[in-house]
Amino acid sequence: MNWRLGFVVTAAACAVLPLVVPQHSLTILVEALILGLFAMSLDLLVGYCRLYSFGHAAAYGLGAYSYALILTYVPLPLPVGILLAVAVTILIAIPIAWICTRSTGVSFAMLTLAFAQLGYAMLFRFRDVTGGSDGLVGIPRHPGPLGIDWFQSKLGYYYLVLVCLLGSYLLCRAIVRSPFGAVLAGIRENEPKTIALGYNTRAYKITTVVLAYGFGGLAGALYAAFAGFASPELFFWLTSGRVLIMVIVGGAGTLIGPILGGVSFVFLEHQLSQVTDLWPLIFGTIFMAFVMFAPQGIWGILTSRFRSKPAAPNSDSGKEAPGAAT
Amino acid sequence: MPLLECRGLTRRFGALVAVDGFDLTVEPGEIRAVIGPNGAGKSTLFEIVSGNLAPSAGHISYFGADCTAMRAHLRRRAGMCRTFQKVRLFGSMTVAENIQVAASQCLPPGRDLRDEVAEILAQLRLDAQAARRPAELTLADRKRVEIGRAIAGKCRLLMLDESLSGLTHEEAEHLIAEILTLNRTRGITVIVVEHVLSVLAAMVKRLVVLHNATVVADGTPTEIAHDPVVIEAYLGTKQSALR
């Protein structure tokens with residue numbers, strides 16, 4: 001199916017969905033879309049740069065707390081507050097990205113985790129500002145600008161989140177398909193060779209980390225505005241682990257896959273937790289099954305039947321045998 | 001002015017000396033070879049010259065300017081290009097895209113990107129493969145793409161790391177002809193690293209022999225083929241392998 005048609009059909013289906021489901025399901029729908037956006041932001045790192053962040057909760061938490069703090073002190077309209085929260089997240093992400101990208105592999109993962117845990121610890125250290133373990137509650141959603149207030153209702157907020165998700169997806173898609181994205185593909189496949197082609201790969205990685213934080217911060221700000229509170233758990237390593245699972249289960253390097261992973265995660269968690277207290281055990285089993293039997297994720301499974309197989313090499317001399325030139 | 005000058009290049013890995021006091025002067029337009037058995041230090045030398053490894057001692061000049069501390073991506077932008085021993089193209093991109101991603105970074109001002117890609121595809125006889133992905137190519141074509149990617153944009157010096165290995169004699173001859181064409185038409189200076197002399201005789205006028213991290217001979221292919229030190233140290237007594 002042409003992707004534009006697919007996009008329009010999906011967007012239309014998402015727009016109609018809240019009109020046909022029970023009102024109490026709206027909360028889950030909004031959370032699912034927000035977590036889908038959050039997972040997609042991590043996919044920029046995991047799927048396109050092979051940078052496994054174990055601390056992406058920092059982006060989510062930064063966005064949420066930035067929004068909460070801004071709106072606590074300044075009665076700004078919701079869209080302005082969200083944009084400012086994203087800007088703050090991006091500003092803080094720059095030094096984090098600069099430090100983390102000095103390393104790769106496990107070291108990168110540990111550094112990102114360390115920054116997220118540092119943020120978590122600081123929430124308790126600066127209790128007067130952050131509310132400590134209680135977090136920040138009663139975060140308002142002011143109307144405006146120009147008197148716009150449709151996003152104050154739950155249904156209206158759903159559409160706001162949907163617009164943010166679809167807009168972010170289009171932006172991310174444009175990024176990964178641009179010349180910038182081609183360099184990211186090079187970094188993912190072979191960084192030394194990408195350097196040998198004249199690219200300052202670290203600058204690209206810093207930019208990608210900052211972009212991922214920006215989109216993650218947007219998800220966090222949307223969550224804080226929706227839930228009306230921001231708690232330290234948003235920074236905690238469990239949040240980072242959850243979003244990494246969403247990316248892997250959904251299908252890394254696809255953008256759509258992690259969105260599906262995030263949405264599936266929320267619905268499964270909701271359904272399973274109503275049936276049994278052992279739902280994390282079932283979830284862990286599902287995750288392991290994906291890692292072992294379907295590493296391409298949900299999106300990979302869905303699209304595998306449409307994917308053409310690469311043609312066979314057109315000569316027998318397809319393998320390197322050093323010294324055979326003699 | 002020499003295009004490249006290496007003086008006293010040394011690289012140690014702990015107690016192991018991979019390259020020891022290496023000297024080399026390459027003039028513009030020249031094709032020079034560095035040969036030596038496996039483990040002689042040839043690839044380490046390329047790693048140092050291309051900026052991926054810092055030398056433990058010595059310095060490198062490029063057109064008279066010291067570039068010993070210059071970072072790898074900046075050397076590439078200055079026209080110092082290289083291929084790698086193991087051909088690993090970007091598998092998610094087509095042949096044309098592989099070359100395009102390289103050309104777009106180092107394209108000289110006023111040069112059209114599409115023209116550059118088309119010219120390289122034509123020069124390396126890759127036109128018919130432009131829309132294919134690396135997995136669909138033969139090894140010889142993959143090596144061509146690797147070279148095309150290396151020279152795309154601005155290239156003054158091309159360092160070929162065992163680009164002929166794994167090819168049949170016929171494929172190697174074709175590739176040598178194309179390298180000679182690139183040298184002639186684009187004015188690219190070439191340094192070839194190989195571990196077998198016989199394939200290089202048609203391409204180079206001078207070559208350097210590395211053995212146990214040090215230079216043991218420097219001369220024409222004929223001189224090298226008859227150098228007793230090379231025969232003893234590099235090839236044992238099998239003189240026939242040199243010719």
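I began with the domains of chain B: domain 1 covers 4–79 + 157–242, and domain 2 covers 89–155. I kept in mind throughout that this is a predicted model.

**Between the domains of chain B**

I looked up the distance between the two centres, and over C-alpha atoms domain 1 and domain 2 of chain B are 24 Å apart. For the contact itself I noted 14 residues from domain 1 of chain B and 11 residues from domain 2 of chain B. Which elements supply two or more residues to the domain 1 side? I found α2 (72–77) and α6 (169–185) of chain B. Helix α6(B) gives the largest share of that side, with five residues. I then sorted the domain 1 side by class and got five nonpolar, four polar and five charged residues.

**The sheet in chain B**

Next I traced an open sheet of four strands in chain B, in the order β2-β1-β4-β5, with antiparallel pairing. Strands β2 (16–26) and β5 (65–66) of chain B are at the edges with a single partner strand each, so each has one side without a neighbour in the sheet.

**A helix pair in chain A**

I moved to chain A, where α11 (residues 256–275) and α13 (residues 297–304) pack at about 115°, with axes 7 Å apart. From α11(A) I listed I256(A), G257(A), L260(A), G261(A) and S264(A), which meet G297(A), I298(A), W299(A) and G300(A) in α13(A). By class I have four nonpolar and five polar residues in this contact, and no charged ones.

**The nonpolar core**

Last, I checked the largest nonpolar core, which has 175 residues. Which residues have the most contacts inside this core? They are I34(A), Y67(A) and L222(A). Helix α2 (residues 26–49) of chain A contributes the most to the core, with 16 residues. Back in chain B, domain 1 (4–79 + 157–242) and domain 2 (89–155) both give residues to this core, so the core lies between them.

I took a closer look at Y67(A): leaving out residues up to four places away in sequence, Y67(A) touches G81(A), I82(A), A85(A), I139(A), A221(A), A224(A) and A225(A).

How values were computed. Residues are numbered from 1 along each chain as its sequence is written. Chains are lettered from A and ligands numbered from 1 in the order in which they are written. This is a predicted model: local features need pLDDT of at least 70, side-chain atom pairs count only at pLDDT 80 or more; totals for chains, interfaces and linings use all residues. Domain bounds come from an automatic or database domain assignment. Two residues are in contact if their C-beta atoms, placed from the backbone, lie within 7 Å. Ala, Val, Leu, Ile, Met, Phe, Trp, Tyr, Cys and Pro count as nonpolar, Asp, Glu, Lys and Arg as charged, and the others, Gly among them, as polar. Two strands pair if DSSP finds at least two bridges between them. Axes are lines fitted to C-alpha atoms, for helices over the stretch in contact, and angles run from 0 to 180 degrees between N-to-C directions. A nonpolar core is a set of buried Ala, Val, Leu, Ile, Met, Phe, Trp, Tyr and Cys residues joined through C-beta atoms within 7 Å. A residue is buried if 20 or more other C-beta atoms lie within 10 Å of its own, exposed if 12 or fewer, and partly exposed in between; C-beta atoms are placed from the backbone.
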